[in-house]
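Let's take a quick tour of a protein model. Have a look at the sequence and the structure first, then read on.

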Amino acid sequence: MAANTALALEYINARPQSAARQLESLEAERTAAFLKGLPGKSTALLIPAFLPQYFAQVCLHQESNQSAELLASSDVSYVAAVLRHLPAGQQNSILGHLAPSIRAQVLLLLTFQEEDVGSWMNTSVTTLPDDSDIDAARKYLKLGDSAVQSDRLFVVTRDRNLVGHVSQIELTRSKKRQALRDILIPRTDALLARMPVQTAMAHPVWSEADIMPVNNRKGNFVGVIRHVDLRKAVDNLSSGSPIPGAENPLQGLAQAYGNTFLTLFNTVEDIVRDSSDRRENQ
């Protein structure tokens with residue numbers, strides 16, 4: 001058993017993305033149990049290699065402090081990507097166990113202005129990794145719980161960069177051992193999460209598609225938005241109606257930590273945002 005453990009650690013440290021791909025074939029509960037015995041160095045390499053939607057499932061089988069500890073060494077954009085696949089209560093619980101500086105940066109990535117595409121996009125959508133075969137891709141679909149029904153399935157790299165989309169119908173017809181890239185339609189057009197919905201409505205791609213991927217400013221895939229939902233957004237904003245069913249992470253934190261924390265967060269938010277703006281203008 002010790003020899004097997006040593007071999008697994010060597011494999012994880014040498015090829016974390018390949019190891020993540022193997023573990024994603026397991027039930028999330030089994031992976032959660034496996035991660036408990038790994039040293040910090042190995043988990044720091046392994047966790048960011050998981051698809052965010054899969055690691056979110058793993059988090060559901062862990063205590064929130066354990067999830068926060070595993071995510072702490074990851075890039076904040078990855079932490080936000082994982083939290084987008086979790087219920088609001090679970091999000092807030094994990095956020096509460098993160099260091100204040102990390103928590104503030106993650107919240108910036110999770111929170112959008114009402115007129116932004118990000119406020120209206122759907123993050124509960126299954127993506128497929130570009131390094132999988134057809135059989136593995138079908139398993140990912142069963143594992144995920146996508147709230148958006150569409151024939152168009154988006155394909156991303158392990159770094160969450162969009163590479164294109166595949167047809168769900170084509171996926172069911174293809175041979176199991178065929179590479180997913182064989183049926184990939186390479187297309188990287190995407191809306192930006194902080195793009196105004198009125199600007200997004202004018203995108204020329206709507207003449208040929210009814211759903212679009214949404215990226216953050218770094219080019220990472222963060223969700224999708226349907227044309228019908230975008231139209232609703234424009235109509236609602238014009239009439240002054242609130243976002244239907246929207247969950248603001250800041251509201252959840254207000255309930256969990258009180259107004260004192262939110263006052264502190266607003267100060268940190270201004271500092272982080274000002275720093276980011278200065279870097280962009282240099």
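What follows is a short briefing on the whole chain and then on two of its residues. Keep in mind that this is a predicted model. The protein chain has 282 residues, and 46% of them count as buried. Its fold is made up of 14 helices and seven strands.

**The chain as a whole**
- If you take the contacts with a separation of 6 or more, 65% of them are between residues 24 or more positions apart.

**Ser77, in a helix**
- You'll find Ser77 in helix H7, which covers residues 76-83.
- Its relative accessible area is 9%, so Ser77 counts as buried, the cut-off being under 20%.
- The side chain of Ser77 makes a polar contact of 2.9 Å with the side chain of Arg160.
- Skip the residues up to four places away in sequence, and Ser77 still touches Leu109, Arg160, Asn216 and Asn220.

**Thr123, in a loop**
- Thr123 sits in the loop that runs between helix H9 (100-110) and strand S1 (128-129).
- With a relative accessible area of 17%, Thr123 is buried too.
- A polar atom of the Thr123 side chain lies 3.0 Å from the backbone oxygen of Arg84.
- Arg84 also shows up among the contacts of Thr123, along with His85, Val222 and Gly223, once neighbours within four places in sequence are left aside.

Note on methods: Residues numbered from 1 in each chain as written. Predicted model: local features only at pLDDT ≥ 70, side-chain atom pairs only at ≥ 80, totals over all residues. Heavy atoms only, no water. Helix = DSSP H or I, 4+ residues; strand = E, 2+ residues; numbered from the N terminus. Buried < 20%, exposed > 50% of the residue type's maximum accessible area, 1.4 Å probe, protein only. Polar contact = N/O pair within 3.5 Å; in protein donor to acceptor, adjacent residues only side chain to side chain. Contact = heavy atoms within 4.5 Å.
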